[in-house]
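Thanks for asking me to look this one over. My notes follow as numbered points, to be read with the structure open beside them.

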Amino acid sequence: MIAFDKTLLENTILVESAQDLKDGKFISKDQFQATKDAFPTLKTNRNLFMRIAFLLLGAFCYSSCTGVFALLFLSSGADQYEVMLVLLAVLGGVASEMLARNNFYAHGLDDAAIYGFLFALGSASSALSDSTLAMLAVMAVASALCAIRYLNTICVVVSILSVVAFIGEVTFTNSLIPEFYLTIVLFVFAIGLFFLHRNLEKHELAKFYAVPLQALQLCALLIAYFSMNYLVVRELAQNMMRFVVEPGSDIPMSYVFYFMTFAIPLAYMFFGIKRREKLMLWVGIFTMGFAVFTFRYYYHILPTEVALLFGGSALLALVLVIIRKLKGVESGITFEKDRMHDSNALSVAQAVIVNSHAVQQVPAGSPMEFGGGGFSGGGAGEGF
Amino acid sequence: MNIQDEKTAEILYQRGILSQDELVSVKAYRSLNVFSLRNELLSLLYVAILLISGGIGILVYENIDTIGHSILIALIFLGAAACFYFAFKKAPAFSWNETFFENPVFDYVVLFGMLLSGTFFGYLQYQYSPFGNSFAMAAILTSIIGFAVAYRFDNRSALSIAITALATTIGITMTPRAVMELDVFDNLPMFYTGIALGLALIIWGEFSERHNVKKHFANFFYGFAQHLIGISCIVGLISEYWGIFAIIMAAAMLYFFWKSHSAESTALFVFTILYAFIGFNIALVRVIILSGADDLIMLCVYIAPFFYLACIILFIRSIRKFNKEHK
């Protein structure tokens, strides 16, 4: 099912992990070069900027093709709108396949072709069937197939989002699922995804799909949390189901949602550390932040500045205590640098973020596009 | 380290690229099962400091009429001074090369002191206007402190605050009203200022590199300069007097092209090509529109896909060449 040459793909993964070994200073630059010479790889861009640059170029090319098609099909007077979309989808599909055959993998150009294909296919199916459900179903299946065939990460996300949108559409427009059970259906769906990920991880081909599998896990964790988050559930109930929350009353089963809002992040953090999974830990930290936001959204017990000061101080104290405990530990959970994944990107990202924060404190502020360019400049200059 | 890395090491050993000792060291490291929470904890520390500094900012803003200003200002000043005092106590001896705190927590102490300094100058100016009517003085003082802190404690965040504050200073000094009313797009001198600051940053970077003055900051300056000049020029190219910006853009991108080769910086190279490409396209479209020939415009739409295909091929070639030259 994989579109790429197996040997080259295996070599690509080998060279990538050799790069990790080089970054961890386990092998020298010469040894890494020798590895690269010994194992020919697919054409791939490890540098994210490079990949985005090619994605943009590819997108320009694809959209200029769209322009030509539009001139050919729409100016003749006859309404051949659907034919045009189908032909565009075919063009995208052929381009994706050609690029894969020519060993373009995670290069940027192949991404452009795949996304172009999916976009045209979605538009075509929507125009032909005139039904959102059909369009979402086509998108879910097509992007899942693309994810499997071209090992594409974004396609995993698109596929899962299509399924979620499908479930939402079935609930709200077609009323096939009672609205009240939507959160539970999504939660069950997320658990399904989670176990799907657990099983796929053990598959023999899993090493090719490392990043797409992470995307799958990320989606599962996020959907599981947000389907149970009190804020999301309550706002959805009010907006979509015209549910009115009277003062003194609350949404049904509110205590369950309150519990989940805080319990899920804690569970993520706990299992993230226990199972040594960085992704789960990060999602746990992020969702914990959202849980605090949820709580403050409905209960203003403290004025913002006091909450910020206390929250910040408490976090500061907690972190300092943990750092003190973990400092100097040589194995297992530690505060010392990991030789393998010591990244400069973090300090650069912080330097970028601090700007948006600090500038507000200089009265009158700086003109936006003036400084705006500069911020990302900081990120770009050092990251790679 | 994941399983794949160990497998890779074994394959490399079989192929004779890795020696047995090296294979053993890889295996030994993997058996330690290191799970470093360093980045997570430092990020949380960073968030905590931003929260506290934001809280102080709001506190100042809300209580501007109730608590005595002088007390608040004095407290903020003391806070900043305390941060820098501890930082000085723990800082390694000053060097023109890259230095590190023994404990990375102090990078964040420095950052907190820097944020407080910014609040201090802003508040002081807002309340007592010791520098007359211009906020530029407050900004430039923040900037000066920022540069001093960045160079003394080797702190990138402080450097980035300093550069932004500097941009603020110049922007306001040149056209204060334009900034207040946010109509920068109609304001030509703004782009010139941006380009001038970019130029200054380039010179600064070159100086740092040649005279070994915190050499590792140089790429930071180039990055800032590139985006400043690139964006100023793109906005300039859309404006009425686009000819001059086309020339400046071309000259700047030629420089960055050369620089990216000598600095072996892929990021610099990619953004050079991207900015040059965008600038070239805008200029091309403007020339075509200027010619006013409808048939020519139609023809351009038809050949556009081939134009982009050619660009992609050129792009791939130039990057391959770049990678070959800088293995």
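**Notes on the model**

1. Apart from its neighbours within four places in sequence, Asp107(B) is in contact with Phe101(B) and Asn155(B) (contact: C-beta atoms, placed from the backbone, within 7 Å). This is a predicted model, in which local features need pLDDT of at least 70 and side-chain atom pairs count only at pLDDT 80 or more, while totals for chains, interfaces and linings use all residues. Residues are numbered from 1 along each chain as its sequence is written, and chains are lettered from A and ligands numbered from 1 in the order in which they are written.

2. Staying with that aspartate, Asp107(B) sits in helix 5 of chain B, residues 105-128. Helices here are DSSP runs of H or I with at least four residues, strands are runs of E with at least two, and both are numbered from the N terminus. Is Asp107(B) buried or exposed? Asp107(B) counts as buried, because it has 23 C-beta neighbours inside 10 Å. The cut-offs are 20 or more other C-beta atoms within 10 Å for buried, 12 or fewer for exposed, and partly exposed in between, with C-beta atoms placed from the backbone. The C-alpha atom of Asp107(B) is 31 Å from that of Ile195(B), 88 residues apart along the chain.

3. Now chain B as a whole. Chain B holds 13 helices and 1 strand, in the order α-α-β-α-α-α-α-α-α-α-α-α-α-α from the N terminus. Its radius of gyration is 26 Å, whereas a compact globule of 327 residues would have one near 20 Å; the radius is taken over C-alpha atoms, and the globule rule is 2.2 Å times the number of residues to the power 0.38. The C-alpha trace of chain B spans about 70 × 70 × 35 Å along its principal axes. Buried residues account for 42% of the 327 in chain B. Of the contacts in chain B between residues at least 6 apart in sequence, 55% join residues at least 24 apart.

4. For comparison, chain A has 15 helices and 1 strand. Of its 384 residues, 36% are buried. Among contacts in chain A between residues at least 6 apart in sequence, 62% join residues at least 24 apart.

5. On to the packing. The largest nonpolar core has 149 residues, and those with the most contacts inside it are Leu118(A), Ile49(B), Val110(B) and Ala158(B). Another core, of 12 residues, lies apart from it and includes Val15(A), Ala18(A), Leu21(A) and Ile27(A). A nonpolar core means a set of buried Ala, Val, Leu, Ile, Met, Phe, Trp, Tyr and Cys residues joined through C-beta atoms within 7 Å. Leaving out residues up to four places away in sequence, Val110(B) touches Cys83(B), Ala87(B), Val149(B), Phe153(B), Asn155(B) and Ala158(B).

6. Two helix pairs are worth a look. In chain B, the axes of helix 10 (residues 218-238) and helix 11 (residues 242-263) come within 9 Å and cross at roughly 155°. Which means that helix 10 of chain B is roughly antiparallel to helix 11 of chain B (the cut-offs are under 35 degrees for roughly parallel, over 145 for roughly antiparallel, 65 to 115 for roughly perpendicular, and oblique for the rest). Axes are lines fitted to C-alpha atoms, for helices over the stretch in contact, with angles from 0 to 180 degrees between N-to-C directions. In chain A, the axes of helix 5 and helix 6 come within 9 Å and cross at roughly 160°, so helix 5 of chain A is roughly antiparallel to helix 6 of chain A. Residues making this contact include Leu118(A) of helix 5 and Val138(A) of helix 6.

7. Finally, two backbone angles to check. Most residues other than glycine have a negative phi. Asn103(A), not a glycine, has a positive phi of about 70°; Asn103(A) lies in the loop between helix 4 (81-101) and helix 5 (109-129) of chain A and is partly exposed, with 18 other C-beta atoms within 10 Å. Asp130(A) has a positive phi near 60°. Asp130(A) is placed in the loop between helix 5 and helix 6 (132-150) of chain A, and is exposed, with 9 other C-beta atoms within 10 Å.

Note on methods. Contact = placed C-beta atoms within 7 Å.
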